[in-house]
Amino acid sequence: MKAYAKANIFLKLTGFDTRGYHLLQSRFVLLDTLFDELTLSKDKQKSGFELQSNFECADNLIFKAYALLRESGFAGALDECFQSHALVLKKNIPICSGLGGGSSDAACFLNLMNESLNLGISRENLMQMGARLGCDVPFFVSGFQSANVRGVGELVAEFDDEIPPLDFTFSDIQCSTALVYKEFDKMPYDFNANLTLAKEFEKQSSAELLACQKNTALNDLFTPCVNLYPKMSAFLEQNFFLSGSGSAVFKVGQ
């Protein structure tokens, strides 16, 4: 099963929730040419839940997704499956790139288990479960090609969009999402102005937004990203657009 990457066409920060998490409004679009792959394999090497991958990450969200399914009453089905199978992850989405690779992998795992084991979890409930794992996970569970996303990522509304071709550039810079958000908090910001812009952006197609808006106007995290990672300034100056907290950047293709 394919775990697709996403791009943020716009990303506006609009406040904080009661836990102190940033509230956002954003346009997410699925990138159908860039994806990780998750499969079940009978080439098992150890007992219990086993993740085989070309990518090592101690905090891999797949482990948290597995634990969440167990807590939700599906331990028996999971134990039976992983008694004879291993989960194989082929990683293609660059890490720390703002493309949601880790969240997409977790969402793909939820969908894969739900379908392969006939768990019968509705898409709505699966999205609610995904929200407990990370802010991008509900969008990836939804399967939407384009959506307006609000809150801390749990509110996902499908959007009838015109998505232009996007040409991505990947650097060797690995941007920390947590640090970029902290850098944003140090800067002057106006949540009311951001909210007003976000409401206007939500009505426009991705093609319209990318044709008429400046890169820093579309993504509130571009400037703090450049502040933390000065090498990113070259992309800002060359009018690239930033996805998420970076470091992946893109322009509209032909």
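These legends describe close-up views of a predicted model. Local features need pLDDT of at least 70, side-chain atom pairs count only at pLDDT 80 or more, and totals for chains, interfaces and linings use all residues. Residues are numbered from 1 along each chain as its sequence is written, and side-chain values use heavy atoms, leaving out hydrogens and water.

**View 1. The largest nonpolar core has 58 residues.** A nonpolar core is a set of buried Ala, Val, Leu, Ile, Met, Phe, Trp, Tyr and Cys residues joined through side-chain atoms within 4.5 Å. Buried means under 20% relative accessible area, exposed over 50%, partly exposed in between (1.4 Å probe, protein chains only). Leu69, Phe82, Leu87, Phe109 and Met232 have the most contacts inside this core. Helix H1 (residues 61–84) gives the most to it, with 10 residues. Helices (H or I, at least four residues) and strands (E, at least two) are DSSP runs, numbered from the N terminus. A second, separate core has 18 residues, including Ala5, Leu166, Phe201 and Phe241.

**View 2. Phe82 and its contacts.** Contact means heavy atoms within 4.5 Å. Neighbours within four places in sequence are left aside. Phe82 then touches Leu40, Lys44, Gly48, Phe49, Tyr66, Leu87, Phe109 and Met113.

**View 3. Strand S5 (residues 146–150) is mostly covered.** Of its 5 residues, 4 are buried. Two strands pair if DSSP finds at least two bridges between them. S5 runs antiparallel to strand S2 (residues 22–41), joined by 4 bridges. Here Ser146 in S5 stands opposite Val29.

**View 4. The hairpin of S5 and S6 has 4 residues between the strands.** S5 and S6 (residues 155–158) run antiparallel, with 4 bridges. Val149 has Val156 in S6 as its bridge partner. In the hairpin, Gly151 takes a positive phi near 70°.
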